[in-house]
Amino acid sequence: MIKRFIAYYKPHRLLFFIDMGVALLASVLAILIPSMVRTLLNTHIPDKNIRAIVISFLLMLLIYLVKMVFEFIRMKWGHILGVRMEYDMREDIFGHIQKLSFNYFDNTKTGHIMSRISNDLNTIAEVAHHAPEDLILSVFLVLGSFFFMFRFNAVLAFIALAPLPFMLLWGIKYGGKMRQGFRRVRRKIADINSTVENSVQGIREVKSYANEDLEIEKFENVNIHFKMAKEKMYTIMGIFYSGFHFLSDMYYLLVIAGGAWLYLEGRITPSDIVAFILYVNIILNPIQRLMNFTEQFNQGAASFERFTEIMDIEPDIEDRPHARTFRPVKGKIQVDHVWFKYSSSPDWILQDIHFSVAEGESVAIVGESGAGKSTIVSLIPRFYEPQRGTISIDGHDIMDLKQRFLRENIGLVQQNVFLFDGTIRENIMYGRPLADEEQMVEAARYANIYDFILSLPDGFDTYVGERGVKLSGGQKQRISIARVFLKNPPLLIFDEATSSLDTESESLIQEAMFELSRDRTTIIIAHRLSTVRHVDKIIVLNKGRLVEEGTHGSLLQKEGFYHKLYTKNLI
Ligand code: ADP
């Protein structure tokens, strides 16, 4: 894992070395000051050597100026190093997630993906530069300070060593507790967010059941926990800081007391005591940094581990080594004794499904809800792969084709249309981003949505809102039909909306759909009588099995399962 982490430093190694070099030099410079003050007090001032005094002050001024420049570099470029590594990781993880299969998304919460991409990467970026910086700065400042202190006065240096373990222990114990508290608070904020999100998204349900009070109660519950977590955190924070500051004060007191005792014994000069006090001042900051280091490092390591967990997930569906394309695609589909189950459940969802669709033919799939209609059509673009059996297009097994090629040749109109947050134009253009305005307008015309778009004040530039909330179901579906018109694939999969649309929308959609399916091989998951009457063939599914096949008329005559669906008004 360390190797993988270091790999992210590599492209930015120059920045890394500059950052570390500057941190090191800044600590060396900081250590020099007390020693110079001591020489000033011990020698130059008693000697009334004005020249040496002035030179010392000028030198100190120069050191402070250089330190300022170093600090600027460390602050700016250290953080930029973190940001650039974060950028690389974010690109990598987003690109990887794009490649993952439906199976992954079926079993992963969106919130988790979001927090990997935002919180975790943020933490890693901070740790990536702060951890090595802190380590170098602290170790050098502490070691360097003690080097001088031991040179000046070994006894007092030993006295100055004594409080260190206590301070570190204090910091590790309460610092750790404090960060646990912070984490608890963050989790509670996440609970608050998801409660608000759920309630706002489901506001129609809330109101229609008049359950506002219930929602308020639920919210109060998480809000109280948030309040308690925060109060507890501030308690620990109070203990930590007051304790740490008390220990710091005691540190000064101890060094001054030790200095006074040694002075009375005639074993130290006042200027050495001053130098010691200045060194204590320098040491306190790195001690705090060192206390942070372990926790910060652990947190960073945990975040990076979660990052690698996702990066290590192999997409279930990948192109085979010699995956092919072919041209022209005519559109004959053959589904050959296909068996399928989802990875999350042991039950077969499709059993021995066998049928074919000739070039340019329209086929409707009908069946009760849960029969497996959506599942079978999701196998054709290879969103999932069957465990047994094959599916082929124009005689080519889809497993041997390039996924990209396969999906470029299939147009999919989903039942629950997803529109991207953007304009109508952007959403239609999604079908073929390189299309020109004219082609886009033509697609809208074919999809029976052109007049509606023109009636809007902003026309094609109208924002559709998140997931297209500002449009009706029928309008959204027609936009998604326009998208497929623009894509113009030889194969079409159409999942008809089950929820009833108003009659006008319904007929506009059906017209658009028939227009779209002309000269294309089409598979429709059908819920309407008016649809099944128009198709060349109907396939009837029952509990994952294909039970009947034929035209509307012939199937009715048979008086079998289709007839039952028909009489129960299920189509
Ligand atoms: P239909 O489209 O005919 O209503 P589906 O193909 O959606 O039926 O579903 C068939 C069965 O597969 C149902 O029992 C459903 O619960 C299950 N199912 C659908 N999608 C998934 C999935 N992503 N993971 C696990 N089971 C699923």
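**Entry 1: a lysine in a helix**

I began with K476, which lies in helix α16; helices here are DSSP runs of H or I with at least four residues, strands are runs of E with at least two, and both are numbered from the N terminus. The model is a predicted one, in which local features need pLDDT of at least 70 and side-chain atom pairs count only at pLDDT 80 or more, while totals for chains, interfaces and linings use all residues. I noted too that residues are numbered from 1 along each chain as its sequence is written, and that side-chain values use heavy atoms, with hydrogens and water left out.

Is K476 buried or exposed? K476 counts as buried because its relative accessibility is 18%, where buried means under 20% relative accessible area, exposed means over 50% and partly exposed is in between, with a 1.4 Å probe and protein chains only. Setting aside residues up to four places away in sequence, I found K476 touching V417, L419, R467, G468 and L471, a contact being heavy atoms within 4.5 Å.

I looked up A526, which lies in the loop between β8 and α18 (529–532). A526 counts as buried because its relative accessibility is 2%. Which residues is A526 in contact with, leaving aside its neighbours within four places in sequence? I listed A364, I365, V366, E496, T531, V532 and I571. The C-alpha atoms of A526 and D495 are separated by 7.0 Å, although these two residues are 31 residues apart along the chain.

**Entry 2: the four-stranded sheet**

I turned to another open sheet, in which four strands run in the order β2-β1-β4-β5 with antiparallel pairing. β2 (350–357) and β5 stand at the edges with a single partner strand each, so one side of each is left without a neighbour in the sheet. As background, I noted that the strands of a sheet pair through backbone hydrogen bonds, either parallel or antiparallel.

I checked the partners of β1 in turn. β1 and β2 pair over five bridges in the antiparallel sense; V335 stands opposite F355 in β2, and the bridge partner of V338 in β2 is I353. β1 and β4 likewise pair in the antiparallel sense over five bridges, and there W339 has R388 in β4 as its bridge partner.

**Entry 3: backbone angles**

I kept in mind that most residues other than glycine have a negative phi, and that most peptide bonds are trans. Where is R382 placed? R382 is in the loop between α11 (373–379) and β4 (388–393), and its phi is near 65 degrees, a positive value in a residue other than glycine. R382 counts as buried because its relative accessibility is 1%.

D394 is found in the loop between β4 and β5 (396–397), and I noted its phi near 50 degrees, again a positive value in a residue other than glycine. D394 counts as partly exposed because its relative accessibility is 22%.

I also recorded that the peptide bond from R327 to P328 is cis, with omega near -10 degrees, and that P328 is found in the loop between α10 (270–311) and β1 (333–340).

Note on methods
Pairing = 2+ DSSP bridges.
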